[in-house]
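Grab a pencil and have a look at the model below. Try each exercise yourself before you read its solution.

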Amino acid sequence: MAPRVLIADKLSDRAVEIFRERGIETDVQVGLDRDQLIAIIGDYDGLAVRSATKVTVKVLEAAHNLKVIGRAGIGVDNIDVPAATAKGVIVMNTPHGNAITTAEHAIALMMALARQIPEANASTQAGKWEKSRFMGVELTSKVLGIIGCGNIGSIVADRAIGLHMKVIAYDPFLSEERAVDLGVEKVELDELLRRADIITLHTPLTDKTRGIIDAAALAKTRKGVRIINCARGGLVVEADLKAALESGHVAGAALDVFEEEPAKANPLFGMPNVVCTPHLGASTAEAQENVALQVAEQMSDYLLYGAVSNAVNMPSITAEEAPRLKPFVRLAEQLGSFAGQLTETSLKSIRIEYAGDVAEMNVRALTSALLAGLFRPMLSDVNMVNAPLIARERGIAVDEVLQTQRGTFENYIRLTVVTERQERSVAGTVFSDGKPRIIQIKGINMEAELGRHMLYVTNEDKPGFIGALGTLLGSSGINIATFHLGREGPGRQAIALVEIDEALPTDVLAKVAALPHVRQAKPLAF
């Protein structure tokens, strides 16, 4: 029986033809509401969407036969990826199809803002001829600050340099070497805020980037700064931006994305120094065609042959090696995620040691899984396919070392991350039960299985600390599932890795950090 695909958002006619030419039954039903989608989704093996259709838990619960969701575009905000993963549904995106289009839109908004083109157009067409009212600014020699210098941000940098602007960039994953290649100056966020005449955002929306432009950040900017956001709503705190615009500290803003979309009402609408567009970053004929054709090819390859490309929730692994490799992929992802959540400064290099039988496995897939886990806390759109490319684009050296068995364990993977400030290592293995375990952190031996919610604490090895930590968590209503300890030696550095039943509230984290002898306290999620 031929696979069936539902196209729920408008794709090009050529994309529909690709599905049908390859023998896939294809139905196009655009504009379905949630209940309508739920009523029919159980009949389909594949679902192709853009950003309009919301693939929620309820939709996935009704998707009894669904195997793959294809997103024609980059962001998967409209898809509940964890729920899809739990359901065993692959989620694919098309990460490179609309990068140029989005970058060009950011440049267009920057020019419109600098010369007040929308207002001047409205005034002129109203017959007012207010030539003296619209005094603009030149872009030449201005400092453009780019927050997020990945695929799209680097294209913006290239175009801005062509306009003879001075470009500075903040991106924790951007190496000095890559910055030199791009012709930009790499800076920390506070320096970018302080120096930039214009700030443009090109970073995904994650827990670390949400509200990155808020009142505190805007207070650090120079008077007369202009803000552009073509990335994701939620990066800019709109109420704080409005206050800064009203005070005159921010000269203008251009927004293509908003905290709530569709944005039919917004506190920034109607302000004279604000330019707004309805999420048009990817809206060119070329980009729409590219991502549509790409998603059709990817979904067809998977449904017909099992080939996986640009999956955000599944590694690229052949059917033959999957059973043996699967637990080590999970281990690699966890090691990467562990290090990524603890890394707060720019990465310089990564060293991965594969020891024992694991060194004879598909280490390319394992490295991709590890890199995806490492980058994901900062880059939500990373997956096993694009993680190595992201490392190369940012000039991060990745060294793989294969060696025979050493020490107690038959197999292990050790990740060492070198940042601008420090070097951190974490190692793990897979036991006979198929479950990954952490076996060493920063050279300190311990054995721990990682749960969904963890608390990582480094402290001085002093009497009473364990009791104080347990008492604090208990009095705060936090239940401890497992408690793992390790230390360098008596009285020296120690590590506590605590599994808890729920996410740690920020006020409780602050209390843990304030305990005597604590050097660092960090919540982790897996």
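This is a predicted model: local features need pLDDT of at least 70, side-chain atom pairs count only at pLDDT 80 or more; totals for chains, interfaces and linings use all residues.

Residues are numbered from 1 along each chain as its sequence is written, and side-chain values use heavy atoms, with hydrogens and water left out.

**Exercise 1.** Find out which strands pair with strand 3 (residues 46-49), and in which sense.

Step 1: Helices (H or I, at least four residues) and strands (E, at least two) are DSSP runs, numbered from the N terminus. Two strands pair if DSSP finds at least two bridges between them.

Step 2: Strand 1 (residues 4-7) pairs with strand 3 in the parallel sense over three bridges, and L6 sits opposite L47.

Step 3: Strand 4 (residues 68-71) also runs parallel to strand 3, with four bridges; here A48 faces G70.

Step 4: Now follow the chain from strand 3 through helix 3 (residues 57-62) to strand 4: this β-α-β crossover is right-handed. That is, with the strands pointing away from the viewer, the path from the first strand over the helix to the second runs clockwise.

**Exercise 2.** Work out why strand 19 (residues 453-460) is largely enclosed, and find its partners.

Step 1: Buried means under 20% relative accessible area, exposed over 50%, and partly exposed in between (1.4 Å probe, protein chains only). Seven of the eight residues of strand 19 are buried, so the rest of the structure largely encloses it.

Step 2: Strand 21 (residues 493-500) pairs with strand 19 in the antiparallel sense over eight bridges, and E460 stands opposite Q493.

Step 3: Strand 22 (residues 518-525) is joined to strand 19 by seven bridges, again antiparallel. There, H453 stands opposite A525.

**Exercise 3.** How many aromatic pairs does a search of the whole structure find? Describe the pairs F258 with F269 and F338 with Y456.

Step 1: Rings of Phe, Tyr and Trp (its six-membered ring) pair if their centres lie within 6.5 Å; planes under 30 degrees apart count as stacked, over 60 as edge-to-face and the rest as tilted. The search gives three pairs.

Step 2: F258 and F269 have ring centres 5.7 Å apart and planes at 80 degrees, so they're edge-to-face. F258 is buried at 6%, whereas F269 is partly exposed at 32%.

Step 3: F338 and Y456 are also edge-to-face, at 5.5 Å and 85 degrees. F338 lies in helix 13 (residues 322-342) and Y456 in strand 19, so this pair ties together parts 118 residues apart in sequence.
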